[in-house]
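My notes follow in the order I took them.

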Amino acid sequence: MTTLKLLLGLLYCLSFTVAAVAPLRVVTELSPPHQTIQQGEVAGLSTALVKAVLAEAKLEARIEIYPWARSFRIARSQPNVLIYNMARTAERENEFHWIGTVAAYQLGFVALSHRKDIKIEKLQDAKAFTIAVQRDDLSANFLINNGFAQGQQLVLSADITESWQLLLNGKVDLVIDDPVALTDMAANLKLPEKYIRFVYAVPELAQQTWLAANIQTSPGLVTKLKQAHQKVATTELYQKVMLSSYHPLQ
């Protein structure tokens, strides 16, 4: 009996140890210039900050790119999963641990340059056009809350690349993106930058976005990540990335 108890105790400790060292995952979406792929590796402005936070915390994790809706589902449902760039909204506040900011955006409407008929001076003007937005994205939720309807103005897509393809194929009139992203997105789509134009900045969509952790992530790990982010936030790299929405890095 004593031997059996000892064996069970060892098995319990072993299972606890395995759980404690479960690999850390980081998920995101493709969204240049903040999340890009270079030579098969996830890169970009915000990615550099996330990697700096992990290095400061002495943690290892693989960064995975999926359509935003899938990344969001993974991060919301599985412990030890981090996600970026996440808008911190009232609906999401209690679903995640908020580690720290890793980007600044000024989102607005983008059109093809030849569409001279598209003129937007206030948000409600955009209701005259069709807009591609990503599922579960802040912009989609914001527009829905302001009277834009799926099947009328809104066309839901899996990710930002699909939204842009809808625009280029003439399936929608507008997409939502950051003006800083246009150069990188044009290059990603192999387009001349002059082919697209930023039409209107939505004031309510100007914000900083976050690195967040699944709510079931251990308090010790969350604390370690927050402390690491506080140190990274004092660096020149952090200042450059957070200002990049208004002063693109050269």
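**Entry 1: a charged pair.** I began with Asp173 and Arg115, which form a salt bridge with their closest N and O atoms 2.9 Å apart. The pair links distant parts of the chain, 58 residues apart. I found Asp173 in the loop between α5 and β9, and Arg115 in the loop between β6 and β7. I kept in mind that this is a predicted model.

Next I asked: is Asp173 buried or exposed? Its relative accessible area is 16%, and buried means under 20%, so Asp173 counts as buried. Arg115 has a relative accessible area of 21%, so I noted Arg115 as partly exposed.

**Entry 2: other salt bridges.** How many salt bridges does the structure hold? I noted 9.

I looked up Glu95 and Arg76, whose side chains meet in a salt bridge at 3.9 Å, N to O. This pair also links distant parts of the chain, 19 residues apart. Glu95 lies in the loop between β5 (81-86) and β6, while Arg76 is in helix α3 (residues 68-77). Glu95 is partly exposed at 27% relative accessibility. Arg76 is partly exposed too, with a relative accessible area of 39%.

Then I turned to Lys122 and Asp125, a salt bridge with the closest N and O atoms 2.9 Å apart. Lys122 counts as partly exposed at 49% relative accessibility. Asp125 counts as partly exposed at 22%. I also wrote down a network: Arg25, Arg62 and Glu64 are joined by salt bridges that share partners.

**Entry 3: helix α5.** Which residues of helix α5 (residues 160-168) are buried? I listed Ile160, Ser163, Trp164, Leu166 and Leu167. Why do they sit on the same side of α5? They cover an arc of only 155 degrees around the axis, which puts them on that one side.

I then checked what covers these buried residues. The cover includes the strands β6 (96-112), β7 (131-134), β8 (154-157), β9 (174-177) and β10 (196-214). Helix α6 (182-188) is also part of the cover.

**Entry 4: the two ends of α5.** At the start of α5, I looked at Asp159. A side-chain oxygen of Asp159 reaches to within 3.2 Å of the backbone nitrogen of Thr161. Just after α5 comes Gly170, which takes a positive phi of about 75 degrees. Past the helix I was back at the loop between α5 and β9, where Asp173 lies.

Methods
Residues numbered from 1 in each chain as written. Predicted model: local features only at pLDDT ≥ 70, side-chain atom pairs only at ≥ 80, totals over all residues. Heavy atoms only, no water. Buried < 20%, exposed > 50% of the residue type's maximum accessible area, 1.4 Å probe, protein only. Helix = DSSP H or I, 4+ residues; strand = E, 2+ residues; numbered from the N terminus. Arc of directions from axis to C-beta. Contact = heavy atoms within 4.5 Å. Polar contact = N/O pair within 3.5 Å; in protein donor to acceptor, adjacent residues only side chain to side chain. Salt bridge = Lys/Arg side-chain N within 4 Å of Asp/Glu carboxyl O.
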